[in-house]
Amino acid sequence: MSYYKGVFPIVSALFMATAADAQDVLKFHHDLPEDSAQHLGALEFERLVEERTNGRFDVQIFANNALGNDVEVAQQMQFGAVHAAPIPTAKLSNFNPALQVVDLPFLFPSPEVAYDVLDSEVGMSILSGLEQAGFVGAMFWESGFKQLTCNHAVTEPGDLAGRKVRVMESPLLIAQYEALGAIAIPVAFSEVYTALQQGVVECQENPLVSIHKMKFYEVQDHLIISNHGYLATAFIFSKMWFDALDAETQDILMTSAREAGAFQRERSREMEGDYLADIVASGTSETVELTPDQLAVFAAEMKPVHDKFADRIGPELIQSVYEEIESHK
């Protein structure tokens, strides 16, 4: 009896260790806090994947740039150190210039049209261009339409002339503000609050989720509701890692990313109203919603950016996107 009493715990322990060792870790990166729609989407992806693979995967979510900024993580993904991430299209444009089409100013008239276009064959073709750089695209998640915050009132393009505006590291976004006479300055996302606080930049653009969660409104006098651009995030897998998986697992991951993306978009839309209400209630920023006529003036001033980047993005692709937008209006 003493033999069996000694062996059973050892066998049980070895079995548990083997089961743990067999579990695959899936590292998931994103750049927002844990109370954002992006994180809720990540949790939904985790739930779906772990459930559908019967616990084969341990999805480990690293929020708030815990593994590095988006560009650094994308580089890690190229050699399989990080496995999945929704990354802003502007930050992936060096890997695939065609992605810049999503960042063209005043491109999408509404969230619904943006979803329809990005989920279409045209949208999927944009994502597929990332494969040569070492990524497998699943779908587009979102941060939402971008708004402008500044330390002075902005109601017309001339109000930005000579002003320093923080943008992501993107030639297109730099050109967008240069078209308005502003001085566009790339600043890392994690450093924007300090840059605004210290006056390194006077304005910045971001969706409400970022303005709220990063508390940019605390150090800006004006929030301008402009919806002048759409910030989509490309949900990508590391191609090196993804290609080594069996077809059934690949299908589970792709399906889960897309279903979690639909969930994330819903949460994003639902939460935006609360973000705006919180910012207004804080009393630190005056909120101004630009009129259709005012927006039309900004759109006209920024339209040359579309033509300027046509050769880099691809004239045929831009035309296809225009046509897809028209078909869904």
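Reader: Which residues does Tyr177 touch, not counting residues up to four places away in sequence?

Author: In this predicted model, Tyr177 touches Leu148, Leu160, Val165, Val167, Ala182, Ala184, Glu205 and His228. Contact here requires heavy atoms within 4.5 Å.

Reader: How do you know that the span of helix α14 agrees with its number of residues?

Author: Helix α14 comprises the 14 residues 315-328; at 1.5 Å a residue it should span 20 Å, and its end C-alpha atoms are 20 Å apart, so the two values agree.

Reader: Which residues of α14 are buried, and how do you know that they lie on the same side of the helix?

Author: The buried residues of α14 are Leu317, Ile318, Val321, Glu324 and Ile325. They cover an arc of only 125° around the axis, and therefore they are on the same side of α14. The exposed residues Glu316, Glu326 and Ser327 are carried by the face turned away from that buried side.

Reader: What covers the buried residues of α14?

Author: The cover includes α4 (111-118), α5 (121-128), α12 (304-308) and α13 (310-313).

Reader: Which element gives the most to the lining of the largest pocket?

Author: That element is α14, with three residues. About 240 Å³ of space lies in the largest pocket. Of its 13 lining residues, Pro105, Phe106, Leu107, Phe108 and His306 are the closest to its centre. The elements that give two or more residues to the lining are α11 (292-302) and α14.

Reader: Why is Met139 called buried?

Author: The relative accessibility of Met139 is 6%, and buried means under 20%; Met139 therefore counts as buried. Met139 is found in strand β4, residues 135-150. Leaving aside neighbours within four places in sequence, Met139 is in contact with residues including Asp119, Met124, Leu127, Phe235 and Arg265. Met139 and Asp119 are 20 residues apart in sequence and 7.0 Å apart in space, C-alpha to C-alpha.

Reader: Why is Ser268 called buried, and where does it lie?

Author: Ser268 has a relative accessible area of 6%. The limit for a buried residue is under 20%, so Ser268 is buried. Ser268 lies in helix α10, residues 247-282. Leaving aside neighbours within four places in sequence, Ser268 is in contact with Ala37, Glu142 and Ser143.

Reader: Why is Asn64 called partly exposed?

Author: Its relative accessible area is 44%. Buried means under 20% and exposed over 50%, with partly exposed in between; Asn64 is therefore partly exposed.

Reader: Where is Asn227 found, and why is it called partly exposed?

Author: Asn227 is found in strand β8. Its relative accessible area is 36%, so Asn227 is partly exposed. The phi of Asn227 is near 45°, a positive value in a residue other than glycine.

Key. Residues are numbered from 1 along each chain as its sequence is written. This is a predicted model: local features need pLDDT of at least 70, side-chain atom pairs count only at pLDDT 80 or more; totals for chains, interfaces and linings use all residues. Side-chain values use heavy atoms; hydrogens and water are left out. Helices (H or I, at least four residues) and strands (E, at least two) are DSSP runs, numbered from the N terminus. The expected span of a helix is 1.5 Å times one less than its number of residues. Buried means under 20% relative accessible area, exposed over 50%, partly exposed in between (1.4 Å probe, protein chains only). The arc is that of the directions from the helix axis to the C-beta atoms. On a 1 Å grid over the protein atoms alone, a cavity is a set of points where a 1.4 Å probe fits but cannot get out, and a pocket is an open set with protein on both sides within 12 Å along at least five of seven lines; lining residues have an atom within 4 Å of a point. Grid points are joined across faces, edges and corners, and a volume is the space filled by probe spheres set on the points.
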